[in-house]
Amino acid sequence: MPASASATRPGAAADAVDGQVPATVARPGSVEDTVDVLRECAAEGRSVLPHGNRTKLDWAAPAGAVDVALDLRGLDRVVDHAAGDLVVVAEAGVRLADLQQQLARSGQMLALDPCEPGATLGGIVSANASGPRRLRYGTARDLLIGITVVLPDGTRAVAGGRVVKNVAGYDLGKLFIGAHGSLGAVVTTTWRLHPLPRALATVTVELDRAVDAASCARLLSHSPLTPTAVELSARTGAGASLLVLFESIPESVAAQAEAAVALLGGGAITTELPADFGERPVDPDALGVRIAHPPKALPVVLAALPAGTEVRASACSGITYAAITGSAVAALDRLRAALGPVGGNAVVVAAPVDLRGQVDHWGPVGDSLPLMRRVKDEYDPQHRFAAGRFVGGI
Amino acid sequence: MQADARPAAPELDRLVPRLRASVGPSRVLTDPTQLRTYECDGLTTFRVRPAVVVLAESREHVIETVRLCAEHGVPFVARGSGTGLSGGALPTADGVLLVLSRLRAVLDVDLDDAQITVEPGVINLQVTREVAAASLAFAPDPSSQQVCSIGGNVAENSGGAHCLKYGFTVNHVLAAEVVLADGEVVTLGGSAPEHPGYDLLGAFIGSEGTLGVATRVTLRLIRTPETVQTMLVGFHSIAAAGDAVSDIVAAGIVPAAIEMMDALAIEAAEAAVHCGYPPGAAAVLVVELDGPHAEVTHQFAEVERLVAARGAFAIRIAADDEERMTMWRGRKSAFAAVGRISPAYFVQDGVIPRTQLANVLDEIDRMAQASGLRVANVFHAGDGNLHPLVLFDDGVPGQAEVAEELAGDILDLCIDRGGSITGEHGVGFEKKGKMANQFSPDDLDAMQRLRCAFDPAGLANPGKIFPTPRLCGERPGPRTGEHPLSAAGIAEVF
């Protein structure tokens, strides 16, 4: 491996991805180092798996053989925080939590709240991770305004810029969001920021049935209230709790919380977030799935899951996480069969070892899969990056 | 700038009868007089007469036209209402101009999930009218919203005054049915908030017609806010207005819009639409806040304090919708209004980091004086999107060239200050030469790889965005990782 990389070592057991230990782990210390490493990999025809803090490796399908694990945690500089412009430029290895701490000193935030502790910006982009506040602020595709990538052939390329409003050229950032490293390595990210809200209020409603959350979500969506998140915690077929979060100035969150109680016919108001806000069901024996669906299809989703399944849903956004136990493969098939007609989809995000690689990780992709293959062929013609981990075996 | 030489094109001669047979003879125009209507879009300085115009009336007409073009290797340019300001719908002399403005059906309205599916020729404002009774709206609101089409909005990733808070077209499109340049029809996105696979919808929006033609678009609608408050503020200096904008942002307020106009733009707007802007102002701001009542009321009062502290000499608050419309009328009519004070003008579109505002305006003023021309400035101050209007007299020989050079120099200034050559009008034909100033050859090559995936033959809107086209082709090298059977779609790998 190249002498130019700032740190290169043989792979060890701890570096394994799906049980496969990469021959080499390269940890570049800069964008330039990354270019050097990837040029060498290209020259030698080596397969590469870019990663950050390894919090979401299970979100993509299992990897084939990996020659080089590209550890991007060494790219850890916050390049520029232009507070007056509400913009930050930061390298891929910067941890979101660290960045938020720095931004908070200026009363600002990057409005992304995925729950994986230690997640890096590059990992969040590559896995398109999001959290409850996507209801208000959207996801990476709504907040990322510029990107630098190193393509599989070692070409460093920039798209977007450092102004929010910008339509010059193709928005390649969109292409790399959720690509799981299959098109190249994300090395620098530029984000639009938001002011930190000054106050919060929550309204928690206890429900007899999980499905009642759907009518609450509909009431909220059809009201002029502007919650930042509407989170359902439930077990299918059993009781549930719905948390509505308001974040704004104190006068507004107080007024909105009271209006929400009136709208929903009850609810307890607090001014603190529960400790488990935004967390997902975690069960090492369960098949974890992320279901995306039109919000009004929430009852279909809940009905299609086995009774007693633990569920966390962003009810007004149409994102539901479920931990399926028992005969999970059959349950996932039933779930997908129910989701098809309502335009939903289910993707595996956690699987016990015996199921990993046995279940259809991504599910149906639709008629644009051949086009996606052509995109892959353009950026990674030798299919060396994150090989086999993306949809359709890309 | 008239490029009218008819190329020798036997393929065109073979294509036209097939088009007539396929979409109907009345929808295929080849008569030079009829073609003249379609020579340019909203950027009238560039004109090219297309070889053929197809007036599509159904998605099948679009698909058939693209398929036939692909078969004959003839380029095509899609056009909606033709309001674009960068020459994005400028025809090619040897190709087909595919007009989509007759595709005006609203196909589905889902009030429950606040979504609407429309054909590409539907007018932007019509979408909001369709759903206004249910307190819903389509957020992107370009100044041309009374005439511009959704297909054009998608192609250009259109913005508008309110994108400061609500984002651009790309943030409000859930799905699009797209005809690729080879005639293949694909659906990108869908009614769910996300989908497995690459976000090709996100990449398609804003690709200026170079990646295919949208035949159906599903839009996300927003709930109309409980309260809207608008104020018009007059300042004695541009710098004070710029500082006030910075103060509002620093106070943690995200207005729905902050618009600024300078003295020359105010003069023009006043002459054209009598919008009652404060006399003697060197700059006016239009600040609009929307949202829940308590939030808007408190933050509006804070904005009032902040602008007063920067020396605002006139603060008017819209008492009702009618007054709000009057305030906006001045702003939204500013481009056309400049025609009242100048025989001709170029509309420019550039972006700078907002904190550079006062500084850049000083520099533009200096550049204008050096070139002996006047520049009126109208801009979305909240997001640093400038629209300098370079005034000139096209009766004076050489002045158009001087104005064009000045407009170009302003873009270089935007790049120099860390901004962009376009915030919402697109690169189109006009600015493709400037792309090389903003992006490196490698950046442009990386972008064009996407085009190669979508349109390897380069038939969809050729000669736009990129200063030099890229040849698409196989790159050498062994493949690893994917089994050939899987790549061929014979065996799926999960």
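In this predicted model, 94 residues of chain B are in contact with 89 residues of chain A, contact meaning heavy atoms within 4.5 Å. About 7500 Å² is buried between chain B and chain A, and carbon and sulfur atoms give 54% of that area; buried area is the accessible area (1.4 Å probe) that two parts lose on being put together, summed over both.

Nine salt bridges are counted between chain B and chain A, each a side-chain nitrogen of Lys or Arg within 4 Å of a carboxyl oxygen of Asp or Glu. One of them joins R290(A) to E194(B), with the closest N and O atoms 2.9 Å apart. On the side of chain B that touches chain A, α16(B) gives the largest share, ten residues. Helices (H or I, at least four residues) and strands (E, at least two) are DSSP runs, numbered from the N terminus.

Chain B also holds an open sheet of four strands, in the order β2-β4-β6-β5, with mixed pairing; two strands pair if DSSP finds at least two bridges between them. The edge strands are β2 (28-29) and β5 (76-79) of chain B. Two bridges link β2(B) and β4(B), which run antiparallel, and L29(B) has V53(B) as its bridge partner in β4(B).

Helix α1 (residues 10-23) of chain B lies across β2, β4 and β6 of chain B, at about 15° to β4(B). Angles run from 0 to 180 degrees between N-to-C directions, with axes fitted to C-alpha atoms, for helices over the stretch in contact.

Residues are numbered from 1 along each chain as its sequence is written, and chains are lettered from A in the order in which they are written. Local features need pLDDT of at least 70, side-chain atom pairs count only at pLDDT 80 or more, and totals for chains, interfaces and linings use all residues, while side-chain values use heavy atoms, with hydrogens and water left out.
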